[in-house]
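Here are my notes on the strand pairing and helix packing. Please read them beside the model.

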Amino acid sequence: MSESIFKLQPDRTIALRGFDHLGASAALHNATATGFSVSGAFRDPADFAVVMLYDADDFYNHPHWKWLPDFDFDGLVLQFDVEYQGLMPLNSRKYASIDWPYLDILTPEGTPGRIRLSDHAEVIAAPDSPASTSVTITGAGFNAGDGVALWYQNMAFEYTVPGKVETEYPFYAQGAGTQHFISVSGRTYTYTEAAGDGSAQVAGGLVALMAADPEAAASIGSEPHKVRLRARLATGAAFAVTASGQTGDTLHHIQTSTVAAALAALITNANYAAAGAPYALAAAAAGETVHITTGEGGYDANFLRVYSTARSERLTATAAAEFSGGASTAKLRVTIDFAALGFPSIRQMWLTLAPRLQNTENFAATEWRADFSNWAVTGPESKRLLKFASAAAVRAGSHDKGVRYEGAWVSEEGFFQDGFAMCARQSGASVRLRYHSPAAHELWLGTSLYGDRGAARVFVDGAQTALLDARLGCEPAAAARRKVAGALEPGEHEVRIETTSNSPFYFDYLEAAAPGAPAPGWNPQSFVTPALDYSTDHAYKLPPARIWWLLDKMGCQGALNEYLGVFWWNERRREGGSLPKVTLTFSGTFTAGMQAFVDIGGQVCGKTLLQEEPAENIARHFEFLINATYVGVFARAGGASLEIFARSASPAYEFAVSAWTENGAATVSGGGMLAGGSMGTWVIDPAAANGLNAGARAWHADLYREAALRSRQVTTAISMELVHPPGEFAARFADGQPVMTAVGFGSLVSTHCAFGGAVLEYQKKVLGQVAALQAGAGLTPDVQCGEFCWWYFTNKTAANPGGGMAYYDAGTQAAAQAALGRPLHVFVAPTDDPGVNSGADAAFLRARLRDHVGAIAAHLRNLYPTAKIEVLYPHDVNHPSPQGVHSLGGALNHAVNLPLEWASKVSSGLDRFKVEALDYSAWSRNADLAAACLRFPLEIGWPAGDVKGMIAVFRGGGPWRKELGYARELGLSGVNLWAFDHLCLHGLEWEERGARKAFLVG
């Protein structure tokens, strides 16, 4: 039954585009036809990860199972459920400094577009909880004109006491029988003066009479002969009072609870949309307390603050209150109708995952996860299905026989078929070939797409069928296919391709393809399996389900060798680093009617003065406003100063900061360019609880789970080279310099590690965790010490006469002094005589290597008694005499890097011996030297059934197929090809499939 693969099928089409900064990690895992997960860790606010959901020009699959480019999404609808943890939520209303709220899209022409996912989402479970806070109103003796304001952003909710809450009436004794009264809303209380009463007795008598009045509370006022009347209720209503011989007055029923209720109503009824506030608020009063809640939920609501200002100390509120309890927990269902949203034709689409903001703090490392489930694409099946070149397809490569060139063409190495393509840089250059196809077919041209590429006309049987323009705004250049003829009959055809400009045009291959289901898999076998390098795109960027599918299609049923390379998998910490900062200082008294403004990167926020306020209030206002609003900076107020920090030292977080005031004499100074700082260095953290970071742990657990489902063995290797290890890890040359080599990724360099205590403990932790993950998946723990050797080269040159071999780290020197009773001999070249000092120095180094590997093996077998241990031995750099185009090897290398015990399986303490000579194959392209490398383990005494070969395929033109045949003749237990990515990128196959036999000599 033929296999069907659909557009946007998670276990077949998605890949990780990448993630930012060495301190971060991300991995795709647990991919099925209906969902996938992404997890990792972010260690800087500028970190992010990108998931490529679809690429019409698939970079990853082997050409036998690479879909034909298909841009048609008209009539297709994508729906999925998604849950985020530790990430910026899709429904967050924060400013999108990068594209975390969007599905990004590129059309076939390179036009970008994006869809805000939350606009097409509904909450289906666990709605976001809102954030809330409380403010308490306090007051004693407040009266008309007193007021309090609650500030949220630059919105002020102000309550001013509208009239008198209390009044005083004086009373004077006038003699016995005189009547004195107070009237409250028509209720009159009369006191008849008795003989001997003074004014104080009159006042006291009236107070006593009024004790039960429902509206006014009476008490002795500011002097003994005065009666103070204060509104007793909280209704806000006005009522009339008067007294004998006095002018009448109006009082208002206002208590702190009245103020609280009024403020709550103002907050609830405000127009937040007009104010541009990030969250609408609602409030309710309970007594003198105002409870405030955000209208929407979400973690971001915890960034909000309210604070108060007051016209007097008689009526005040809580100085400042922070929101809490907001949580982003919602499970969203997203529905995307591509054509309805203006994207009927798509070349690429991707999602961006970004770290959740942290509130006014230096960023703390955060592990995160995104789970996508119920993933489905609906629409016509004919459009959902991806088409592949069928098994009947025939293909001609640029360097095949029968391909003829006219004009100036040059061969260039790259990610092309067999590693090479032909390139023309002048108009009128042409390529001609003939082919025979047994079936009706389309014709596809393999080329390179990029912004500087040229164009070519394509003629089939003398008639022009296409004008192919290879210009495309993309990074990096894309090796891709484009259809240049359709509906061709079976039989023989002649093709001519002619360039039309002086821009580079690449001819990689021509393919006659009948679109259909993916081609059948290759014959099952267990001898050949490509190796994975976790440092390369074809490992850490792909979900294991997709890798295993490709290995299954290749018929690989043998043991997989997976290599933890020099980076991407380590737990790291920041060493050094600082955040850029600018300071603003507010000076003077800020009076009513003034305004203050702060501009950060063109985004302006402000403060309007309702009353006189001190400068420290203004600094506090901007602290709260900035932290609740901005995503690129945070602020801290201290007195009248405001420090503004970039959240990251990344150049993307550089902003110009300025501030000013209007309509008053107070000023603000400071500001400038918020730039500088340092990202620091992301060094490996041996003290971390885990050896593998969050992304690598999840990815490997899935890799091993998928292996167990297939009953496949996985051997995971760890190298002696690492990027940014702690300083004490480094192997050091005789002059004390660390061994460092460029890795070909940006400016990163790897450090060769020494054999010693700190390195040993770290490697035991890492390999112990690898073994635990393997065992947890039901596999037998199986690990490799990958290229565990002393460094092979010297740094001694004419310009550096003090250099030498790399045996001189502090730990090794101390151990040599203890073992030999003297300093280690200074070796200066890999060809030095290992017999110096009767061979004692070389024997010491050899034993140190042996014991290092032995300690790892003992540790793992103590944890898992059935664990399997192998070593990877590079015979080229350790050959007894220099060989190959780079003259690698030497007697010293051979002596110190091959412990005598390793010459026998019984004495080695190892289960397997794997040999490689990548230089002999990939660079020297010398089949004889490569064959000698494969024989070597057998010559020193290892049984062939416990020996495997690692054979290079990463450069075109190597004799790797001959090496495969020779390994079979020797009876080795298997071969791993280095590596899986180049096998796919170069379209290599270890058995002749016949795909090119139908091409004819021109």
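1. Basis. This is a predicted model, in which local features need pLDDT of at least 70, side-chain atom pairs count only at pLDDT 80 or more, and totals for chains, interfaces and linings use all residues. Residues are numbered from 1 along each chain as its sequence is written, and side-chain values use heavy atoms, with hydrogens and water left out.

2. The open sheet. Four strands lie in the order β11-β10-β21-β23, with antiparallel pairing. Strands are DSSP runs (E, at least two residues), numbered from the N terminus; two strands pair if DSSP finds at least two bridges between them. From one strand to the next, the twist averages 15 degrees.

3. The β10/β11 pair. Strand β10 (residues 147-152) runs antiparallel to β11, joined by six bridges. V148 has Y159 in β11 as its bridge partner.

4. Helices on the sheet. Helix α3 (residues 256-269) lies across β10 and β11, at about 150 degrees to β11. Helix α8 (residues 615-629) packs on the sheet and touches β10, β21 (305-310) and β23; its direction makes about 160 degrees with that of β21. Helices are DSSP runs of H or I, at least four residues. Contact means heavy atoms within 4.5 Å. Angles run from 0 to 180 degrees between N-to-C directions, with axes fitted to C-alpha atoms, for helices over the stretch in contact.

5. Strand β37 (residues 491-499). Eight bridges pair β37 with β32 (residues 430-437) in the antiparallel sense. V431 is bridged to I497 of β37. Strand β34 (residues 455-460) also runs antiparallel to β37, over five bridges. There, the partner of A456 is T499 in β37.
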